[in-house]
Amino acid sequence: MTNYLYLTGRMSALLMKVLQWRESHIKERNFLLILAFFTGIFSGFAALLLKFLIASIASMLSIHLTISGANYLYLVYPVLGILIVGLYVRYVVKDNISHGVTRVLYAISQNKSRMKLHNTYTSVVASSITIGFGGSVGAEGPIVNTGAAIGSNLGSLFRMPPQILMMLVGSGAAAGVAAIFKAPIAGMLFAIEVLMIDLTTVSVMPLLVSSITAATISYIFTGYSPEFVFDASDIYTIDRIPYSMLLGVVCGFTSLYFTKAIGFMESIFSRIKRQWVKFAFGSVVLSSLIFCFPPLYGEGYGAITELLTGSNGSPSSLFDGSVFYGFRDNVWFVMLFLLMIVLTKVFATSATNGGGGVGGTFAPSLYVGCMTGFFFAFLLNTLGLSPADSELSCKNFALMGMAGVMSGVMHAPLMGIFLTAEMTGGYQLFLPLLIVSTISYCTIKIFVPYSIYTMRLAKRGELLTHHKDKAVLTLLKMDSVIETGFIEVHPDMSLRKMVQAISESNRNLFPVTDKDGTLLGVVLLDDIRNIMFRPDLYDKMYVRKFMSIPPAKIEVNESMENVMKTFDRTNAWNLPVVDADGKYIGFVSKSKIFNSYRRVLRHYSDD
């Protein structure tokens with residue numbers, strides 16, 4: 001124990017010397033780029049490790065599966081994976097590590113961009129088991145959480161201020177996306193569009209440095225080829241533009257279905273209080289769906305590759321290992337099969353996470369988009385609604401669908417466009433990718449104002465956005481603006497005691513409370529100025545006669561945006577703050593909020 005304390009003390013002293021040297025020799029902005037570089041390196045290796053673990057587990061289990069018939073192991077593998085992860089999270093991690101991107105957003109907006117140390121590895125372990133055993137989720141959410149935690153903890157180690165930590169969290173998240181998809185531009189756009197990191201001269205460089213570094217790590221160890229092989233043999237012609245526009249609308253409504261279904265399933269699981277019941281329900285739903293539709297097994301990248309490289313003929317390989325294997329040559333059954341995969345993927349994803357697994361909705365949105373685009377072209381070709389000269393290219397439309405659904409689900413059209421192009425090498429389809437992504441985004445925006453990641457925080461008023469006023473108000477904390485230096489008075493106090501309280505206070509506002517501390521009203525100095533100098537009323541007038549009811553009360557847990565709306569509605573300058581039981585806590589003033597607003601705005605907008 002003595003040696004441990006001695007070693008800890010030596011390390012602390014060494015760290016302090018390093019911090020002092022850095023402060024004297026390296027400017028903060030330059031040091032931010034250095035930290036972003038190392039964040040990119042560590043995040044890149046974390047992404048490689050995650051992909052290796054998933055592939056190893058999946059390869060080990062797949063040797064027991066057959067192609068030409070039903071696989072009853074599909075009823076076992078996903079359940080076993082969720083069970084292992086559930087036990088790992090409950091008894092080892094002892095913390096909630098689900099909804100990785102949402103938790104990163106929460107850390108930025110509500111926790112000064114600080115994330116726990118265990119987040120640098122626990123999501124990698126949990127998600128690799130979940131996906132390797134067939135959980136129908138993606139690895140991108142966990143690697144975003146991991147990369148963000150790496151950036152946050154690296155910045156905290158060097159005592160970086162909150163605005164620098166925010167940049168490092170965004171840099172880590174961008175690096176995770178860049179490494180796992182080999183898509184550096186998409187990684188940067190993810191941080192800007194999804195994590196709401198402002199695009200300024202301060203933020204763009206660390207995002208680029210970390211993204212490029214992580215992608216380079218991925219290229220060095222896995223080769224320079226794109227994440228998905230796309231066969232670009234079919235030429236896209238101008239007469240396909242109307243079909244691309246129609247696909248954009250279809251992708252927009254598919255994104256709406258995806259988002260609403262996720263929310264519906266999450267509400268069901270939230271009403272289930274016992275974890276074992278959640279596990280049982282999620283396992284039954286997941287294993288049943290995978291048994292009927294094997295392409296739902298795991299990330300589904302094999303199915304995406306099949307659709308992007310195959311011909312316009314029937315995608316018969318999707319029926320491998322299915323109970324419906326004998327129907328793979330029936331065109332109409334193939335279309336029904338594809339449609340069911342599009343409709344059920346979201347339930348498989350929700351069942352995986354709700355039952356106790358750990359994974360993201362990033363890959364499922366790509367998967368559903370690919371299936372949607374392929375189904376769209378395949379259906380039109382079958383019905384004879386394609387252009388007169390030739391059929392629509394199913395693989396081209398599958399690629400467009402990936403960009404369209406991702407743009408709609410995440411409300412990130414630029415990221416959807418560049419990610420799809422970077423991870424497939426499909427740059428020759430840049431124009432239709434732009435068309436489909438933009439129309440899909442505009443379509444879903446009519447119905448849903450927030451992305452699948454941000455809607456959870458938006459409902460609680462905890463979302464940081466690109467809207468500068470709302471962003472600053474979100475960063476403001478209620479406890480930082482509450483003033484408590486007020487003398488409490490009581491309804492049965494005489495005017496004499498009231499005057500004495502006034503003489504002892506430097507405030508012109510007095511809360512009126514009962515014996516339990518419940519706020520009953522307020523006394524304003526201006527309201528009693530005409531009687532406070534009349535000694536003949538000192539023992540005849542009581543507080544309950546001249547106190548007033550405040551125009552509104554602020555609950556301590558209210559968002560700052562709602563507080564400002566209350567001030568605007570009441571035209572008040574001071575409002576009392578109470579807890580959930582109505583007990584008095586203090587006052588908040590409009591001038592105090594304005595001063596704090598200006599301070600935070602300068603703090604986070606320094607360019």
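Modeller: A helix is a DSSP run of H or I with at least four residues, a strand is a run of E with at least two, and both are numbered from the N terminus. By this rule the protein chain holds 24 helices and 6 strands. The model is predicted: local features need pLDDT of at least 70, side-chain atom pairs count only at pLDDT 80 or more, and totals for chains, interfaces and linings use all residues. Residues are numbered from 1 along each chain as its sequence is written, and side-chain values use heavy atoms, with hydrogens and water left out.

Biologist: Where does Lys94 lie, and between which helices?

Modeller: Lys94 belongs to the loop between α3 (77-93) and α4 (100-110).

Biologist: Why is Lys94 called exposed?

Modeller: With a 1.4 Å probe and protein chains only, a residue is buried under 20% relative accessible area, exposed over 50%, and partly exposed in between. Lys94 has a relative accessibility of 66%, and therefore counts as exposed. Its phi is near 60°, a positive value in a residue other than glycine.

Biologist: Why is His411 called buried?

Modeller: The relative accessible area of His411 is 10%, so this residue is buried. His411 sits in the loop between α15 (394-410) and α16 (413-424), and its phi, near 55°, is a positive value in a residue other than glycine.

Biologist: How many of the residues of the protein chain count as buried?

Modeller: Of its 607 residues, 56% count as buried. The accessible surface, found by the Shrake-Rupley method with a 1.4 Å probe and with only the protein chains shown counting as cover for residues, comes to about 26,400 Å². Carbon and sulfur atoms account for 62% of that surface.

Biologist: What makes the buried residues of α20 line one face of the helix?

Modeller: Helix α20 (residues 495-504) has Leu495, Met498, Val499, Ala501 and Ile502 as its buried residues. The arc is that of the directions from the helix axis to the C-beta atoms. Seen down the axis of α20, the buried residues fall within an arc of 160°, so they line one face. An α-helix has 3.6 residues a turn, so residues three or four places apart point the same way.

Biologist: Which residues are exposed on the other side of α20, and what covers the buried ones?

Modeller: Lys497, Ser503 and Glu504 are exposed on the other side. The cover over the buried residues includes β2 (509-513), β3 (519-524), α21 (525-528) and α22 (543-546).

Biologist: Why is Gly176 called buried, and what does this residue touch?

Modeller: Gly176, in helix α7 (residues 162-181), has 0% relative accessibility and therefore counts as buried. A contact requires heavy atoms within 4.5 Å. Not counting residues up to four places away in sequence, Gly176 touches Ser43 and Ile143. Gly176 and Gly187 are 11 residues apart in sequence and 7.4 Å apart in space, C-alpha to C-alpha.

Biologist: How do you know that Ser152 and Thr146 are buried?

Modeller: Both lie in helix α6 (residues 140-157). Ser152 has a relative accessible area of 0%, so Ser152 is buried; Thr146 also has 0%, so Thr146 is buried. With neighbours within four places in sequence left aside, Ser152 is in contact with Ser113, Arg114, Met115, Leu165 and Val169. Under that exclusion Thr146 is in contact with Ala46, Asn119, Thr120, Ser123 and Val124.

Biologist: What share of contacts in the protein chain join residues at least 24 apart?

Modeller: Among contacts between residues at least 6 apart in sequence, that share is 76%.
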